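Welcome to this short tour!

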Amino acid sequence: MTVDVSNYIALSAVMFFIGVTGVVVRRNPLIMLMSIELMLNAANLALVAFSRAWVNNAGHIFVFLVVTVAAAEAAIGLGIVVSVFRTARNVDVDEVARLRG
Amino acid sequence: MIGFYVLAIVLIASAIFTIMQRSPVYSVIGLLVNFIVLAVFYFTLNAEFLGVIQLVVYSGAILMLFVFVIALLSSGIGPLPEGPNRLPHVLGPAIASVLVCFGFVAYGVLHAPMAAPMVAGSAKQLGLVGSANVFGSVGDFGVALFTTQLLPFEITAFILMVAVVGVVTIASDASPQPTRGQHERRKRAKEREPIVKAGR
């Protein structure tokens, strides 16, 4: 293992901001959810790299928790998308603005 | 080291591919490549159990969920309507917010005390990936999960329970089922049909 931990952290930061860009720019809720998955995975990569650097598996447990949260978030988010599509016949987040005050 | 850079380039390229695609199906393909490369990173970081979890849960379950929802939403109506291109409107605020966030994280990364190299580790604690009873092996992870980290494990179960109940509540047909005649029920079924079949 010759790769320094800062390389992994830099990679994780780049991947996180690709995810942020996806959420901010795209208007398709499916792709926005995928961008959120990208951000969660970037956080996971940072956790695993730090865990390896300090030889402490608390980070692994945290990644396990994050994976669970990601699964729950994807399931609920996609459920909301399906439910919105049923009523609005559209999945563009700018068109579905019924809750706007 | 060469392998790290090759994998890093593939990781970033697949992430960019994911958010650039017009059709969500191509995005799913990009995300699949991204998750597989990430699993390889986990294996090289002595986290073999998490690598397997990454492949099974993310590439197996979550991406299948995405594919099924895409198939459900676009069956029978062809590709979803595109709408006007809003990129010129959102480009300025988007770039500003992303750069501000990136500044915060860059500050954190550059100022964090991470100069310490990877701990070399004794042969007992940090062994070859795949061997038993070393750091990150399934036994190591399992012992930690069921003894010192039991509370996060139970919270995991609670989160999944809440998610299942929430999804059933949100996505099921929420209209009450009164004891009316056959005619009424058939009418409701006819209203429901276009979800799967016809477009506007």
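This is a predicted model: local features need pLDDT of at least 70, side-chain atom pairs count only at pLDDT 80 or more; totals for chains, interfaces and linings use all residues.

Start by selecting L110(B), an exposed residue with a relative accessible area of 69%. Here exposed means over 50% relative accessible area, buried means under 20%, and partly exposed is in between (1.4 Å probe, protein chains only). L110(B) lies in helix α4 of chain B; helices are DSSP runs (H or I, at least four residues), numbered from the N terminus.

Residues are numbered from 1 along each chain as its sequence is written, chains are lettered from A in the order in which they are written, and side-chain values use heavy atoms, with hydrogens and water left out.

Next stop: H60(A). Is H60(A) buried or exposed? With 2% relative accessibility, H60(A) counts as buried. This residue sits in helix α3 (residues 58–88) of chain A. Not counting residues up to four places away in sequence, H60(A) touches S51(A), N46(B), A47(B), L50(B), F135(B), G136(B) and F141(B); contact means heavy atoms within 4.5 Å.

Now colour the two chains separately. In total, 84 residues of chain B are in contact with 73 residues of chain A. The two chains bury about 7,100 Å² between them, 78% of it on carbon and sulfur atoms. Buried area is the accessible area (1.4 Å probe) that two parts lose on being put together, summed over both.

Then select the rings. Phe, Tyr and Trp (its six-membered ring) pair if ring centres lie within 6.5 Å; planes under 30 degrees apart count as stacked, over 60 as edge-to-face and the rest as tilted. By this rule there are 13 aromatic pairs over all chains. Take F50(A) and W54(A): their ring centres are 6.0 Å apart and their planes are at 45°, so the pair is tilted. F50(A) is partly exposed at 29% relative accessibility, and W54(A) is partly exposed at 47%.

For the last stop, select F64(A), F49(B), F141(B), F146(B) and F153(B), which ring pairs link into a cluster.

Technical notes. Helices (H or I, at least four residues) and strands (E, at least two) are DSSP runs, numbered from the N terminus.
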